[in-house]
Amino acid sequence: MSQRLIPKIPTMSAAAAALVISMAPVTALAGGLLLYEVGTAEVGLASAGFGARAQDASTVFTNPAGMTRLDGNQATAAGQLLWGNTKFSIDRDRTSPALGSGDGGYVVGSGGWFLGGGAFGTYTVSPDIKLGFGMTGNFGAPLSYDNDWVGRYYVQQTTLLGLSFLPSIAWKATDKLSLGASLNAMYGIYKNNLAINNIDPRFGDGRLELKNQTWGFGGNLGMLYEFDKATRASLTWNSQVDLDFSSPANFSNLAPGVSAALAKAGLLNNTVNIGIKVPQGVMGSVFTQVNDRWAVLGSVGWQQWSKFGQVQVGLEDTSNPQGGLTTAIPFKDTWHVAVGAQYRPSDPWLVNFGIAYDSAFQEGSTVSPLLPLNSGWRFGTGAQQQLTKDSNWGFAMEYIYGGTLNVNLNSRLPVVAGGRGDVVGSFNNIGSIFIATYYNFRF
């Protein structure tokens, strides 16, 4: 989060960057920015039994140890569509009138819509050794507020995305115990665009843009213990991944007085470092087949969001800028709990449903419009059909309810004197709907 001059980091090719966007996650609305949803059956289960289910190749992502349960070589292709009801409601009595009346519109993705998904495969080396590979995006949040929204001096458009490549291995150590590990090679994209108060209305708003791509590396470890053919339990650990973004502070359309003040403060040609830490997490899960028709699943997890490192970017006083361009935002660790069930009404069909809760990761009773999410409830359902002995397909839906989140941003100076203004209001009854479909096959 410090600022200094450093060489520009080489970027990934345009084609690879497009792939990141196509498989990237969206605002989770609960428990931070790490999603359980990547288009697989976990959507319909609300993540219940996350690491213990191990019924298809997506276990590469949820628990690599689960690959030992899969026969032959298997692959899973998954896609999902999300719509987010995330829209700001202005408190007009407390928001600075000079900021206008724009509410920002639906801020997730494009008009509230966004695509995601993943692809996973497993390969049998021997009865006790499995290899796997996965590619998915489950970290980040792309947000886009309308140009005239009242909080434009705090955030306008922002993108924080991570695409994980997961080469994996699993070993069946005993008849009951399996162990697995994955390398998490994460490609991250960071963009932040916001307006700069030019003070003089003849010039309109200035602009500050930060953007960078970088790689971060971590590891995932998993254990699966099968008490008997009906019951199994898992424990997984995902390490922290450091995404060390850095970007030149690209200013544009600045009024002459503002440009001179920034130059005097040494901010015009600086490079801004944004140190993001994708948090480590631990998850315990269980699966038990009660009878031929019913199975029950559950999960409990923890994520270390207190080390996240996200910052608010901007200028508090454009007439006399002091200090840097970033302000740290405090976060706290989160807890997760989920319960669900599977029901087989007939031989070809399997029905999934689940419910989950994630605790808040932002401190206090208010949130930043940079991250309009906090605690939340997940409600999922779906179904899966066996097509042949080697293939099946499924679909799932999930609703995440995030409640009402308050925003209370106060500026030291009024807008007419170069301040960002007071932005007060709320995101009311926020929620997201996931619609997913997936295909599993053995070869």
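Q: Is Thr236 buried or exposed?

A: This is a predicted model, and burial is judged from the relative accessible area, with values under 20% counted as buried. Thr236 has a relative accessibility of 7%, so Thr236 counts as buried. The residue belongs to strand E8, which covers residues 231-238.

Q: Which residues is Thr236 in contact with, leaving aside its neighbours within four places in sequence?

A: Thr236 is in contact with Thr62, Asn63, Leu221, Gly222, Gly281, Val282 and Met283.

Q: How far apart in space are Tyr343 and Asn408?

A: Their C-alpha atoms are 46 Å apart, and 65 residues separate the two in sequence.

Q: Which value of phi deserves attention at Ala54?

A: Phi of Ala54 is near 45 degrees, which is a positive value in a residue other than glycine. Ala54 sits in the loop between helix H2 (42-45) and H3. With 4% relative accessibility, Ala54 counts as buried.

Q: What is found at Asn429?

A: Asn429 has a phi near 50 degrees, again a positive value in a residue other than glycine. Asn429 is placed in strand E20. Its relative accessible area is 43%, so Asn429 is partly exposed.

Q: Let us turn to the whole chain. How many helices and strands does the protein have?

A: The secondary structure comes to four helices and 20 strands. Buried residues make up 56% of the 443 residues. Of the contacts with a separation of 6 or more, 73% join residues 24 or more positions apart.

Q: Which residues touch the most other members in the largest nonpolar core?

A: In soluble globular proteins, nonpolar side chains tend to be buried together. The largest nonpolar core here has 65 residues, and Leu33, Phe139, Phe251 and Phe308 touch the most other members. There is also a second, separate core of 11 residues, among them Val38, Ala57, Leu166 and Ala170.

Q: How many cavities of 30 Å³ or more are there?

A: A cavity is a space from which a probe cannot get out. The count is three cavities of 30 Å³ or more. The largest cavity has a volume of about 400 Å³. It is lined by 27 residues, and the closest to its centre are Leu34, Phe61, Asn138, Asn238 and Gln303.

Q: How is the lining of the largest cavity divided by residue class?

A: The lining holds 14 nonpolar residues, 13 polar residues and no charged residues. Elements that each supply at least two of the lining residues include helix H3 (59-62), strand E5 (157-172) and E8.

Q: Which residues lie nearest the centre of the largest pocket?

A: A pocket, by contrast, is open. Of its 30 lining residues, Gln55, Arg344, Gln384, Gln386 and Asn392 lie nearest the centre. The lining divides into nine nonpolar, nine polar and 12 charged residues. E20 gives the most to this lining, with three residues.

Q: What lines the second largest pocket?

A: The second largest pocket is lined by 26 residues, with Gln312, Thr327, Ala328, Ile329 and Leu409 closest to its centre. About 470 Å³ of space lies in this pocket. Its lining has 10 nonpolar, 12 polar and four charged residues. E15 gives the most to the lining, with three residues.

Technical notes:
Residues are numbered from 1 along each chain as its sequence is written. This is a predicted model: local features need pLDDT of at least 70, side-chain atom pairs count only at pLDDT 80 or more; totals for chains, interfaces and linings use all residues. Side-chain values use heavy atoms; hydrogens and water are left out. A nonpolar core is a set of buried Ala, Val, Leu, Ile, Met, Phe, Trp, Tyr and Cys residues joined through side-chain atoms within 4.5 Å. Buried means under 20% relative accessible area, exposed over 50%, partly exposed in between (1.4 Å probe, protein chains only). On a 1 Å grid over the protein atoms alone, a cavity is a set of points where a 1.4 Å probe fits but cannot get out, and a pocket is an open set with protein on both sides within 12 Å along at least five of seven lines; lining residues have an atom within 4 Å of a point. Ala, Val, Leu, Ile, Met, Phe, Trp, Tyr, Cys and Pro count as nonpolar, Asp, Glu, Lys and Arg as charged, and the others, Gly among them, as polar. Grid points are joined across faces, edges and corners, and a volume is the space filled by probe spheres set on the points. Contact means heavy atoms within 4.5 Å.
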